[in-house]
Each structure stands twice: as C-alpha cells, then as structure tokens.
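Thanks for coming. Please bring the model up on the screen, and I will go through it.

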Amino acid sequence: MLNNFVMPDLYPAAPEIFLLCMSFLVLFVDLIFGATHRGLAALLTVVTLLGCAAITIVTADGHTALTFSNMFVDDLLADFLKLVTYLAVIVVLVYSRQYLADRGLDRGEFYLLVLYATLGMMVMISAANFVTIYLGLELLSLSLYALVAIDRNASRATEAAMKYFVLGAMASGLLLYGMSMIYGATGSLEIGGVAQAMHHGQSDKTILVFGLVFLVAGVAFKLGLVPFHMWIPDVYHGAPTAVTLLIGSAPKLAAFAMTLRLLVYGLFGLADDWQKMLLLMAVLSIGLGNLAAIAQTNIKRMLAYSTISHMGFMILGLMSGVVGGVVDPFTAVNAYSSALYYTVAYVLMSLGAFGMVLLLSRAGYEAENLDDFRGLNQRSPWFAAVMLVIMFSMAGIPFFVGFFAKFAVLLAAIKAGYTVVAVVAVMFSLVGAFYYLRVVKLMYFDAPVDSAPITAPMDMRILLSINGVAVAAFGLFPDALMSLCTTTLLRSL
Amino acid sequence: MKTLYLLIPLAPLFGAILAGLFGKFIGRAGSHVVTVLGVAISFVLSVIVWKDVQAGHTFNGSVYTWLETGGLTLEVGFLIDRLTVMMMLVVTFVSLMVHIYTIGYMADDPGYQRFFSYISLFTFSMLMLVMSNNFVQLFFGWEAVGLVSYLLIGFWYTRPTAIYANLKAFLVNRVGDFGFLLGIGLIAAYAGSLDYATVFAKRNELAAITETVTGWPLITAICICLFIGAMGKSAQVPLHVWLPDSMEGPTPISALIHAATMVTAGIFMVTRMSPLFELSDTALSFVLVIGSITALFMGFLGIIQNDIKRVVAYSTLSQLGYMTVALGVSAYSVAVFHLMTHAFFKALLFLGAGSVIMGCHHNQDIRYMGGLKKYMPITWITSLLGSLALIGFPFLSGFYSKDSIIEAVHASHIAGSGFAYFAVVAGVFITAFYSFRMYFLVFHGNERYDQAPPDPHHAAHDDAHHADAHDTSHAKGHDDHHEDHGGKPHESPWVVTLPLVLLAIPSVLIGFFTITPMLFGDWFGGAVVIDAVKHPAMAHMAKDFHGASAMAIHGMMTLPFFLAISGVALSWFFYIKRPDIPAAILKAAKPIHTLLENKYYFDKFNEVVFAAGARVIGHGLWKVGDQVLIDGVMVNGTARAVGWVASVVRLFQSGRVFQYAFGMIFGVFALLTLWFNRA
C-alpha cells in the first residue's frame with residue numbers, strides 16, 4: 001500500500017500549512033506565557049496572518065495549480081480572496097483587542113479559534129472537490145460556533161451559539177445530501193469532474209436538479225439568504241461584538257468562493273436552474289432584509305438584516321452570468337466579477353460598521369443600540385464622519401464604494417435581461433436608505449445620551465480611519481478595484 | 001508640461017483649502033500669503049505656458065479618467081491652445097490683482113480668511129472651466145464658479161439684501177444651467193461623446209440631423225440650449241436680473257467675478273463652441289439679437305443709478321451685450337478680444353470704485369461724493385484712464401475692441417445685424433454719458449461728502465466688519481473708517497492702489513499691441529472656426545485694417561468717436577456746468593424715469609409670473625402630490641407596509657430553533673416543488 005503513496009505537491013498549500021504550524025506555536029506560547037504576557041498570542045496571530053500573506057504573494061504566479069489528487073486548487077482567485085481574508089481578519093483582531101481585554105475574553109483560545117476559522121476559510125477558498133469544500137466549511141463553522149459562545153457566562157451568547165450550531169448542522173446535512181445526489185448522478189466528487197460529466201450529458205437531469213436544490217439550500221444558509229437567513233439576526237445580536245465583526249466580514253469571502261466553485265465551476269451546466277433559484281432568494285432577501293432592518297433598534301440586528309439584503313445584491317450579480325441559456329464569456333466574467341466586487345466592498349463596509357460599534361463600546365458597556373450613536377458628531381466629529389461615509393456607502397449613495405458595487409451588480413442584472421428585478425432591487429434599496437440615513441440623522445442632529453469620552457486605543461482609531469477613507473477612496477477611484485476583480489476572474493475561470 | 005498644466009489650477013485650490021480649513025491656525029496674514037502665493041504661481045506658470053504655446057506647442061489630452069460608463073468616458077482633461085492660454089492669463093492676472101487689493105479692502109472684516117479661501121477657490125474653478133477639453137469638466141467648472149459666486153454675493157450673510165441677492169443669482173443661473181445641461185445632453189445623445197475634439201469632428205454629421213420630436217434642426221437646438229446657459233452666466237436679457245443685485249457682495253469680487261472673469265464664461269464658451277455655432281445661422285441671429293438688446297437697454301439703466309457699484313454693474317451688462325453681439329456676427333476673436341480688454345478696464349473701474357468707497361467711509365452713493373480728485377489722486381487718475389478705455393477713446397484698449405465690434409457688425413449681413421448696428425452705435429453714446437456722469441459726480445464738482453444721510457446699509461456692514469475689531473490689531477489700517485460718512489475722504493493704502501496702477505497699464509496699452517495678432521493674425525489658429533463664405537465679416541474687416549495706429553487715427557473721424565465725445569460733453573454740461581438740468585429733465589420725463597427706475601419691470605415680471613406662478617404650482621403639488629400621494633400613499637403607505645412586514649418577520653423570528661429549522665425545510669420544499677412542477 002505504501003508504495004502507491006505519492007508525496008503530494010505541498011507548494012500550492014504553503015500558506016495553509018504555515019498557518020497550521022503557527023497555530024501550534026500560538027497554542028504553546030499561550031500555554032507557557034499566556035498568564036503573564038497577554039498580548040503575545042494576539043501579536044503572534046497577526047504575525048501569522050502577515051506571514052501567510054507574504055507566502056501567498058510570493059507563491060502567486062498567476063497559474064492554476066492542483067494538488068492533493070486534484071482536491072486543492074491554487075489559482076489567482078484563491079490568492080486574491082485569501083489576501084483579502086487575511087486583511088479582514090487582521091482588521092478584526094485590531095478592532096476587537098480592547099473590547100476583548102475589557103471583558104476578559106482575550107485568552108489564547110480566542111486567537112486559536114480565529115486562526116482555525118481562517119484556515120477553514122482558506123480551505124474553502126481553495127477547494128476543488130466537494131469533500132474539501134465540506135472540510136473547510138466544517139472547520140470554519142465549528143470554530144465560529146465556539147467563538148460565538150466564547151463568553152460562556154453570557155446566556156444570550158450561548159443561546160445564539162446553540163441555535164447557530166443546530167441550524168448549521170442541519171444546513172451541512174442539506175449540503176452533504178445535495179453533494180451525494182450529484183455524486184450519484186455524475187460519479188465524481190471533483191468539481192472539474194462533475195462539470196465534465198455534465199458536459200458529456202450522461203447524467204440524469206432529475207437527480208441533478210434534486211441534488212442542486214439541496215446544494216443551493218446549503219449555500220444559501222452560509223450566505224444567509226431568505227428563507228435560510230433566520231440564524232443571522234440572532235447570532236449577530238447574541239455573539240460578542242468582536243465575534244460578530246468576524247462572522248460578518250471574512251467568511252463572506254469564503255462563502256462567495258464556495259458558491260462560485262460549486263455552482264459556476266461545477267454545476268455550470270445547470271446554470272439556468274440555479275440562476276432562477278438564486279434570483280428568487282435574492283429578491284426575497286433584498287426585500288425582507290431592507291424592510292425588517294427598519295424596525296430594529298439594535299444596531300447589530302439592523303446590520304444583520306442589512307447583511308441579508310447585501311448578500312441578496314451580491315447574488316444578483318452571480319446569477320446574471322448566463323443569459324437565457326446562452327453562455328457569453330464576456331457577460332459571464334462581467335457578472336461574476338461584479339459579484340466579487342460587491343463581496344469585497346461589503347466586507348470593507350461591514351468591517352467599518354461593526355468597528356464603529358466596537359469603538360463606542362467600553363468596559364462594562366455595550367454600545368449596540370441605535371441610541372448610542374446619538375450626537376456622535378459632538379463627541380467625535382471625525383468618527384461621526386467615518387460612520388457617515390460607511391452608512392452612505394452601504395445605502396449606495398454616490399460616490400462611495402457601495403454605490404459602484406450596486407451599480408456594477410445592477411448593470412450585470414440588466415444586461416442579463418432582469419430589468420424588472422433590478423428596478424425592484426433599487427426600490428428596496430431606496431427603502432433601505434431610510435435606516436442608514438437614520439443613523440446619520442441620529443449622529444448629527446440629536447443630542448448625545450452617552451457623553452463618555454471615546455477610549456479606543458490609537459491603533460484601532462488609525463485603522464478605522466483608514467477603513468473609512470478607503471470606503472470613500474474606492475468610490476472616487478472605482479476602476480482600480482473593479483479591474484482587479486475582473487482580471488482575477490478572467491485568469492481563474 | 002502636463003504637470004505644469006495640472007499645477008496651474010491646483011495651486012489656487014491648495015491655497016483655498018489652506019485658508020478655508022486651516023484659516024484659524026495660519027491666521028490672517030498666513031491666509032493671504034498662501035492664497036496670493038497660489039495665484040501668483042498660477043500666473044507665472046500661465047506665462048510660461050503662454051510662451052510654450054507661442055512656440056506652437058498646443059496640448060489636448062486627458063489627465064485622469066474618472067470612470068467609463070455605457071460608452072461615455074468621464075475624464076479630467078486639458079485643452080491648451082491660444083484661446084485657453086489667453087483666458088488663463090487674464091484670469092490669473094486679474095485674480096492676482098484682486099487678491100492683493102483684498103488685503104487692503106477687507107483688512108478689518110471678520111471673514112478675512114473665508115474670503116481669501118473663496119476667491120482662490122473661484123480662481124481654481126475658473127481655470128478648470130477654461131482649461132477643460134470636455135463638456136463634463138466644463139460643466140463642473142461652470143457650476144463651481146456659480147457656487148463660489150453664490151457664496152460671495154452672500155458673503156455678508158447677516159444682511160437680508162445679500163441673502164436675497166445671492167438666492168436670486170442662484171435661481172436665475174439655474175434657469176440658464178438647465179438650458180446648458182440640455183445642450184450637453186443633446187450632444188451626448190447624438191454625438192456619443194463629451195470630448196470637444198470628438199464632437200467637433202462629428203459636426204457635419206450633427207448638422208444633418210433633425211431632432212425627432214420637435215422637427216428642429218439638431219444643431220440649432222444644441223446651440224440655442226448652450227447659449228441659454230451662456231445667457232445665465234453672462235447675464236444677457238432676460239436672465240440679467242441677478243447681476244446688478246450681485247453688487248451686494250464685497251467690491252473685490254464684483255471686480256473679479258461679476259465683471260472681469262466669471263460673467264465672461266458664457267462668451268468664452270460660445271467661442272469655444274464656434275465650430276458648432278457656425279453651422280446654425282438661426283442660433284447666431286438669436287445670439288445677435290439678445291446681445292444687442294442687452295447692449296442698448298442695459299446702458300440706459302446705468303444713467304439713473306446712484307450707487308457707484310451699480311453704475312459699473314450696468315455698464316458691465318452693456319459691455320457683455322457688446323461681446324455677445326460680436327459672437328452673433330461670427331467675430332469670435334473680436335468678442336474674446338473685447339473680453340480681454342474689458343477684463344482689465346472693468347476690473348480697474350470696479351477696484352477704483354472700491355477704493356472710492358473705502359475713501360468715503362463705505363458710502364456708495366455718488367450724489368454724496370464729488371471733488372474727490374484732490375483727496376485720492378491715484379484712484380482719480382486710474383479711474384479716468386479706465387473710463388476713457390471704457391468709452392472707447394482712441395489708442396486706449398477699449399477703443400480697439402469696441403470699434404472692431406462695431407465694424408464687424410457693420411460688415412455682417414446676418415438677420416438682425418441692422419438692429420444690432422444701431423444698438424452698438426447708440427450704445428457708445430450712452431456708455432460715454434453714464435461713465436462720465438459717474439466720473440464727474442465722483443471726482444469733480446462740489447464736495448458733498450458731508451451731506452450723506454446715515455445709511456442703514458452702512459450700519460449693518462459696520463457690524464459685520466467690526467465685530468471683532470476690539471481684540472485684534474488688524475483693524476489698524478482702517479481705524480479711521482469707523483466714523484460716519486461725514487469724515488474727510490482719504491487715499492487708500494498701497495495694497496489697494498498698486499493693483500489699480502498695474503491694471504491701468506494693460507487697460508491703456510494692451511489693445512494697441514495685441515489687436516494685429518489677435519484679430520487679423522493667425523493668433524487663435526484652430527481654436528476658432530469661422531465659415532468665411534457664409535459669415536464674411538471678419539474677412540471684410542481684415543481687408544480694411546492697416547495697423548493699430550492707422551485704425552486709431554481713422555477712428556477719430558468716425559461716428560462712434562463723435563458720439564463718445566458728445567456723451568462726455570453732455571455729461572459734463574449736465575453734472576458740472578448746469579446741475580439743475582437733470583432735475584428738470586427728470587420732472588419732464590417722469591414716466592421714462594419710472595420705467596428705468598424699475599429696470600423695465602423685469603424684476604416685477606419675474607416676481608409676479610415666475611415666483612407667484614411657481615408658488616401656485618408648488619402649492620398644488622404640495623397639496624395633491626405631496627400630502628396625498630407622497631405622504632399619504634407612498635410614505636405612510638410604505639411605513640405601514642414596513643410595519644406589517646416587520647410584524648410578520650417578528651412572528652417568524654421568534655427565537656425558537658425549531659421554527660427556524662422549519663423555515664429552512666419549508667424553503668427546500670418550496671424550491672423542490674417549484675422545480676419539479678415546472679419540469
């Protein structure tokens with residue numbers, strides 16, 4: 001048996017391997033120095049992520065490399081998404097440092113779990129096989145379940161973790177069931193193999209579509225699309241804000257990669273079917289997300305519903321690739337890159353929005369209600385301006401990055417002939433503008449109820465400022481990021 | 001060179017930002033140093049660019065592509081040719097003079113830094129406007145100068161009259177901008193590009209198109225729409241009503257914005273668009289008629305004004321009419337030539353008026369001046385030169401440009417040119433009359449400065465001025481102004497008189513030296529396109545032109561010269577020799593005076609028809625559209641819908657896991673059902 005074993009090429013998976021090794025180091029360091037040097041684990045985690053970034057950049061040669069018996073792929077898309085993921089996780093760590101320290105949560109296990117969650121995302125991003133996707137997804141999800149419950153004594157957090165776990169397990173079940181159906185119909189677990197088998201047309205369409213429904217359900221859960229969205233408000237609300245920040249940002253990139261790899265790379269033959277399913281869920285998500293967000297008084301819940309609508313928008317781009325069963329490579333790349341652009345833009349905005357919630361929180365005080373933003377302009381004009389930029393961008397007001405993201409997605413939808421859908425989406429985002437602008441109104445026109453000085457550390461202030469400026473700057477120079485997304489996809493499809 | 005081009009508008013912008021945002025930190029002196037330096041850099045660089053363009057290096061290219069959408073490219077780009085470079089020189093030079101002058105004029109105003117920030121911002125916007133190579137940037141500059149003009153007219157924002165005036169300017173300009181935007185929209189729709197060069201390359205195709213809805217020739221529609229924009233900005237009848245009121249702003253900006261540069265943006269724009277305007281005789285006739293009406297009738301109004309700034313303002317209106325007339329007869333280079341000479345002598349006259357106002361302790365009424373000649377010698381001599389240039393006295397700059405306009409109209413045969421010729425010739429007499437009426441009343445005759453009644457204007461102004469005079473030492477140079485109007489007039493400080501002298505030089509000389517290359521040489525090259533077959537006015541003039549001195553000597557024997565001289569003589573007779581005559585005439589011709597007093601009832605008309613009409617429509621829309629449809633159905637309807645959805649969502653978002661799980665299962669079943677019933 002041993003003779004048949006061929007040593008796989010480890011080179012494409014170098015960042016993952018590095019991260020895994022470093023996680024052991026973090027574990028040991030925390031074990032030995034954890035009690036005396038509290039910041040060490042955090043520092044090491046950031047160093048690890050920077051190291052991963054360096055490795056990813058060095059090993060990125062623009063070619064697509066498969067390894068581990070075609071289970072793992074390293075292409076430009078993976079490199080790009082991983083780099084954004086590292087960046088997002090680093091930002092999360094910087095934003096949440098003080099918050100965690102104030103609540104005694106900055107223990108080694110937090111950083112370890114964040115590292116494993118990151119590893120899970122990286123595996124999902126690089127997956128070329130159903131099994132790898134599942135592996136990555138579970139690694140990510142299990143880490144997140146634990147992270148949500150990391151504040152063991154908070155009943156709201158443990159409840160949220162429990163719900164997340166139960167529903168997540170069910171979604172994994174649906175996904176696995178769908179995968180097994182597809183495997184049954186095509187005889188392959190490899191994404192490339194599935195695509196090929198369908199291309200040759202020997203597989204049973206009924207079984208394929210049956211499997212597809214479950215697959216789409218699993219994906220939709222991860223993205224949080226209606227009606228698989230119910231966990232989002234409860235988990236966003238229940239989890240400690242630092243964890244919400246993590247859940248609300250980087251995993252969206254992994255979920256995007258998973259969706260793209262499963263549906264576009266693997267099941268492109270069924271594009272007509274899954275596009276319609278996604279369309280249905282996208283419209284529902286945009287509608288429900290925007291309407292329900294208006295009724296919220298808790299900003300974390302409000303942002304949770306806004307996530308649902310944003311993901312609906314992203315999916316709108318993803319489902320515009322194929323027009324009436326005809327594949328035009330140009331349209332397809334345009335549509336998928338608009339979705340990628342939207343995801344990256346959303347992560348940027350989401351980091352900023354939750355970062356602002358963290359900024360206003362302090363020891364013994366959770367600034368998670370809309371009222372906490374009242375009169376922010378009087379307390380800190382600069383951060384009120386940052387929040388203003390983020391809210392305007394999320395509402396899709398020109399000229400911030402959110403506007404161009406929506407614009408690109410809607411343009412793709414219109415090109416694909418979904419004009420009515422695009423109009424509906426715009427109407428709902430108009431309704432949605434209400435709750436974003438309400439935050440602005442509270443900040444600028446109301447008197448503050450909370451007048452405590454903002455005590456956030458300098459590194460967070462600087463990074464949050466950069467975050468806000470980036471939201472504005474990418475809006476002024478939209479082409480930079482857009483062409484990056486297009487090139488990435490062109491060279492990875 | 002590209003960096004240099006970029007630096008020219010950015011230097012004043014940088015100054016504006018520093019003075020505007022950090023004015024408190026860098027202080028008063030810091031503010032004027034950075035802004036003057038910024039504009040001075042621009043001016044020096046403009047001179048360098050001018051030398052470069054002289055050597056034949058024109059430039060047309062984009063600097064930065066902002067975004068591409070649906071085939072349209074929006075970019076920042078520069079078109080540097082001789083027309084542009086001339087405008088750049090005029091704008092930066094006059095702006096520099098005004099910056100320096102402001103140091104003295106605004107010395108004890110609490111809004112000192114703000115003022116410098118605004119005028120530098122204006123310089124930036126104006127430069128962006130003239131340097132643009134595409135319509136988007138042109139429109140940006142156009143709106144930006146409008147904005148700064150609005151801000152500056154209302155600079156003393158505690159005065160109700162200033163707020164009224166700036167609102168009026170803003171609204172009237174909106175009307176013009178609407179036309180302008182329509183014109184740009186038509187170009188974008190039919191030419192598919194907003195780049196000048198691309199649009200001009202397609203001009204023959206555009207000329208062949210007929211607008212589908214109205215049946216008008218497209219090119220005429222485009223040109224008239226664009227010209228409506230120019231009418232707003234360059235204050236042509238009937239969109240002129242804002243300009244006299246804009247005198248509520250501080251005098252330096254009246255000189256810079258409302259006389260020398262911004263109001264000439266329309267003239268510049270039409271000249272830039274000459275390849276399009278040349279294709280439409282209808283549009284040119286329209287331009288010509290509007291211009292002649294403005295030139296003639298606005299001059300009449302100048303005669304009865306008593307506010308020194310308003311007299312100059314009406315003369316600006318009338319001179320803008322002259323420029324427009326020149327555009328109408330396809331003498332674009334003459335229009336721009338007059339624009340340039342006018343910029344110098346009108347800035348000079350305005351700054352001179354400002355100096356007089358300072359000298360008379362912020363009294364602006366010329367009935368209470370008189371005999372200032374001996375108190376303010378520099379202001380006196382420079383104002384005299386400016387007035388002579390304005391009335392077109394031979395050898396001075398105004399003579400060359402104005403006489404060329406008259407000649408061009410004379411040589412033209414386009415519809416409306418007969419009336420235009422009458423208007424511009426009669427205008428010469430009127431210009432001479434009101435200019436020297438003001439000159440004599442201010443500088444000669446009896447000293448009446450001690451008869452001034454207390455003026456509420458002054459009180460308000462004084463409050464704004466001296467709110468912080470107690471705790472600062474900046475008010476030093478102006479300390480003696482605090483008394484009432486009755487104090488003795490005095491000459492202004494050197495920062496005020498230096499710009500006067502520097503502006504007087506080009507006002508006198510520039511026409512003589514530049515007429516030959518600008519009008520009859522190939523100065524503008526490809527920047528101005530004239531269809532010589534259809535519009536031969538310029539060619540006719542070139543035939544009769546034998547050099548600048550010959551023109552001046554010949555000019556002394558022509559009708560306009562005699563009209564100008566008789567205008568001066570008549571005003572001398574009326575206001576120095578027999579001051580009782582004007583009063584008698586006033587009594588005899590009461591109805592005409594009333595008509596002029598009310599400015600031909602344009603304001604009244606606007607108030608009754610447009611303002612009241614808008615209020616009626618607005619009221620209707622408010623009652624029906626807003627309260628019933630929008631508030632009732634849309635807003636409250638939406639709110640109810642939101643409330644309903646939220647309650648439903650809350651029902652499902654119960655926090656119970658099994659319900660959530662049920663939701664998911666339901667979703668899967670729904671999808672399955674849908675898909676298998678379909679298949």
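This is a predicted model: local features need pLDDT of at least 70, side-chain atom pairs count only at pLDDT 80 or more; totals for chains, interfaces and linings use all residues.

Residues are numbered from 1 along each chain as its sequence is written, chains are lettered from A and ligands numbered from 1 in the order in which they are written, and side-chain values use heavy atoms, with hydrogens and water left out.

The interface, then. Chain B puts 28 residues in contact with 40 residues of chain A, contact meaning heavy atoms within 4.5 Å. About 2,900 Å² is buried between the two chains, and carbon and sulfur atoms give 80% of that; buried area is the accessible area (1.4 Å probe) that two parts lose on being put together, summed over both. The rule finds two residue pairs in polar contact across the interface, both at pLDDT 80 or more. A polar contact is a pair of N or O atoms within 3.5 Å; within protein, one must be able to donate a hydrogen and the other to accept it, and residues adjacent in sequence count only if both atoms are side-chain atoms.

Which elements of chain B give two or more residues to the side that touches chain A? They are β1 (59-69), α27 (602-652) and α28 (657-678) of chain B. Here helices (H or I, at least four residues) and strands (E, at least two) are DSSP runs, numbered from the N terminus. The largest share, 14 residues, comes from α28(B). By type, this side of chain B has 19 nonpolar, six polar and three charged residues. Ala, Val, Leu, Ile, Met, Phe, Trp, Tyr, Cys and Pro count as nonpolar, Asp, Glu, Lys and Arg as charged, and the others, Gly among them, as polar.

Next, the helix pair. In chain A, α3 (residues 76-102) packs on α14 (residues 329-360) at an angle of about 5 degrees, with the axes 10 Å apart. That makes α3(A) roughly parallel to α14(A), a label for angles under 35 degrees. Their contact holds 14 nonpolar residues, two polar and no charged. Among those from α3(A) are A:F80 and A:Y95, and α14(A) gives residues including A:L351 and A:G355.

Last, the backbone. A:V226 and A:P227 are joined by a cis peptide bond, omega about 0 degrees.

Technical notes:
Axes are lines fitted to C-alpha atoms, for helices over the stretch in contact, and angles run from 0 to 180 degrees between N-to-C directions. Angles under 35 degrees count as roughly parallel, over 145 as roughly antiparallel, 65 to 115 as roughly perpendicular and the rest as oblique.
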